[in-house]
Amino acid sequence: MLKSMTGFGNATVEAGGLAVTAEIKTLNSKFLDIYCRMPRQFSDKEIELRALLTQQLERGKVELSLNLARTSAVRPGVTINRPLVQAYVSDLKETANTMLMSIPDSDVLQLALQQPNAYLTESADPTDDASDWATVQAAVHEALRRCDGFRKQDGAVLESKFQEYIQIITDRLAAIEEQDIRRIPAVRDRMRNSVKELLDSESFDQNRFEQELVYYVEKFDISEEKVRLKSHLSYFLEVLSTEEANGKKLNFISQEIGREINTIGSKANDAAIQRLVVQMKDELEKIKEQTMNVI
C-alpha cells in the first residue's frame, strides 16, 4: 500500500492531573527532516522522540508539537522558608524599635523576603516525572497512529491516480500502434522513391544504397520501443500493488517510461504519433509530480 508524505494527526491524553496534546504534521521532502517543539522539562527526551518519529514516519518534513496543561492542584516549585523569614522579621522589628523607628509590617515583610535563603526550591519528584513522561508517550503514539492513517488514506488516493495515468498512457500507446500500421506504407513509399532516384542515377553505389537502407530501417522502426514501453507500464502497476512500492522506485520506473516515449516521438516522424506522444508526456509529468509525495 502506498503512503503519502502528507499527513496530520493529533491526540490529547489526560492522566495524573496532566493533559498532554500532541500534534504531528508531515509534508513531502526528499529526506527525513524532524522539528520538535516541546516543553523544556522534557528536552532530555527529544532524542528518544526523534528515534520514534524516524522509525514510524520514514520520510518527509515532520513537525511535532507538545502542549502540557495541569488539570489538578499544582504544587509550586519554589516555596517560602517561613522559619527563616519569621526570624528576619523579628530581627528587623527589634532593630527598628532599638533605633526608635516605626516601619509598617508590609515593608518589614518585603525586606525579610529579600534576605538570603528566604526561598526554598522544591526538588522534582522522579515518580511524577515518570508518570508525566508516560502520558506524553501515550499522546505521541496516538498522534502517530492517526497521522499514519491519514498518510495511508491519502496514499490510496494517489494509487488510484497512478492507475488512471498509466491507463491513459496505455490507451495512447494502443493508438500509436494503430497509427504505426498506417505509417509504415507511407515510409515504404518514401524509401521506394529514394531507391528509384538512386537506381536512375549514373553514379549509383551499391554499398551506399545498403547503408541508406539500414539507416532508414533503424531510424523509423519503433517496434522495440513499443515493447519496452508496454513492459515498463506493466511493471509500474505491478510494483504499485506490492509492499515494495515507494516514491523513489516509482520515479525510477517513470524515468524509463519517459525514455521510451521520447524515443518513439523522435523516431516516428509522423504528426499523428507526435500528438499522441505529447499527450503521453503530459500524463507522465503528472506521475513524476505525484511520486515526489510518496514515501
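The legends below describe close-up views of helix packing and salt bridges in a predicted model.

In this predicted model, local features need pLDDT of at least 70 and side-chain atom pairs count only at pLDDT 80 or more, whereas totals for chains, interfaces and linings use all residues. Residues are numbered from 1 along each chain as its sequence is written, and side-chain values use heavy atoms, with hydrogens and water left out.

**View 1. Helix α2 against helix α3.** The axes of helix α2 (residues 82-98) and helix α3 (residues 105-113) come within 9 Å and cross at roughly 125°, where helices are DSSP runs of H or I with at least four residues, numbered from the N terminus, and axes are lines fitted to C-alpha atoms over the stretch in contact, with angles running from 0 to 180 degrees between N-to-C directions. This angle makes α2 oblique to α3, given that angles under 35 degrees count as roughly parallel, over 145 as roughly antiparallel, 65 to 115 as roughly perpendicular and the rest as oblique. The crossing of α2 past α3 is right-handed; a crossing has this hand if the near helix is turned clockwise from the far one by less than a right angle, and is left-handed if anticlockwise. On the α2 side the contact (heavy atoms within 4.5 Å) involves Val85, Tyr88, Val89, Leu92 and Lys93, which meet Asp105, Val108, Leu109, Leu111, Ala112 and Leu113 of α3. By class, this contact of α2 with α3 has 9 nonpolar, no polar and 2 charged residues, where Ala, Val, Leu, Ile, Met, Phe, Trp, Tyr, Cys and Pro count as nonpolar, Asp, Glu, Lys and Arg as charged, and the others, Gly among them, as polar.

View 2. Side chains of opposite charge can pair when their charged atoms come close. With a salt bridge defined as a side-chain nitrogen of Lys or Arg within 4 Å of a carboxyl oxygen of Asp or Glu, the count comes to 17 salt bridges. One of them joins the side chains of Glu142 and Arg146, at 2.9 Å from N to O; Glu142 and Arg146 lie 4 residues apart in helix α4 (residues 126-200), and are therefore separated by about one helical turn. Glu142 counts as partly exposed at 23% relative accessibility, and Arg146 counts as partly exposed at 40%, where buried means under 20% relative accessible area, exposed over 50% and partly exposed in between, for a 1.4 Å probe and protein chains only. A salt bridge also links the side chains of Lys152 and Asp148, at 3.5 Å from N to O, and these residues, being 4 residues apart in helix α4, are likewise separated by about one helical turn. Lys152 is partly exposed, at 35% relative accessibility, while Asp148 counts as buried, at 17%.

**View 3. Helix α6 against helix α7.** Helix α6 (residues 223-240) and helix α7 (residues 247-268) have axes that come within 9 Å and cross at roughly 160°. That makes α6 roughly antiparallel to α7, and α6 passes α7 in a left-handed crossing. Among the α6 residues in the contact are Leu229, Leu233, Phe236 and Val239, and among those of α7 are Leu250, Ile253, Ile257 and Ile261. By class, the contact of α6 with α7 has 11 nonpolar, 2 polar and 7 charged residues.

View 4. Arg259 is partly exposed, with a relative accessible area of 43%, and Glu256 counts as partly exposed at 32%. Salt bridges that share partners join Glu224, Glu225, Arg228, Glu260 and Lys267 into one network. Ser231 has its place in helix α6 and is partly exposed, with a relative accessible area of 43%. The C-alpha atoms of Ser231 and Ile257 are separated by 9.1 Å, although these residues are 26 residues apart along the chain.

**View 5. Helix α7 against helix α8.** Helices α7 and α8 (residues 271-291 for α8) pack at an angle of about 165°, with their axes 10 Å apart. They are therefore roughly antiparallel to each other, and the crossing of α7 and α8 is left-handed. The contact includes Gly247, Ser254, Gly258 and Gly265 of α7, together with Ile273, Val277, Met280 and Leu284 of α8. By class, the contact of α7 with α8 has 10 nonpolar, 8 polar and 2 charged residues.

Conventions:
Helix = DSSP H or I, 4+ residues; strand = E, 2+ residues; numbered from the N terminus.
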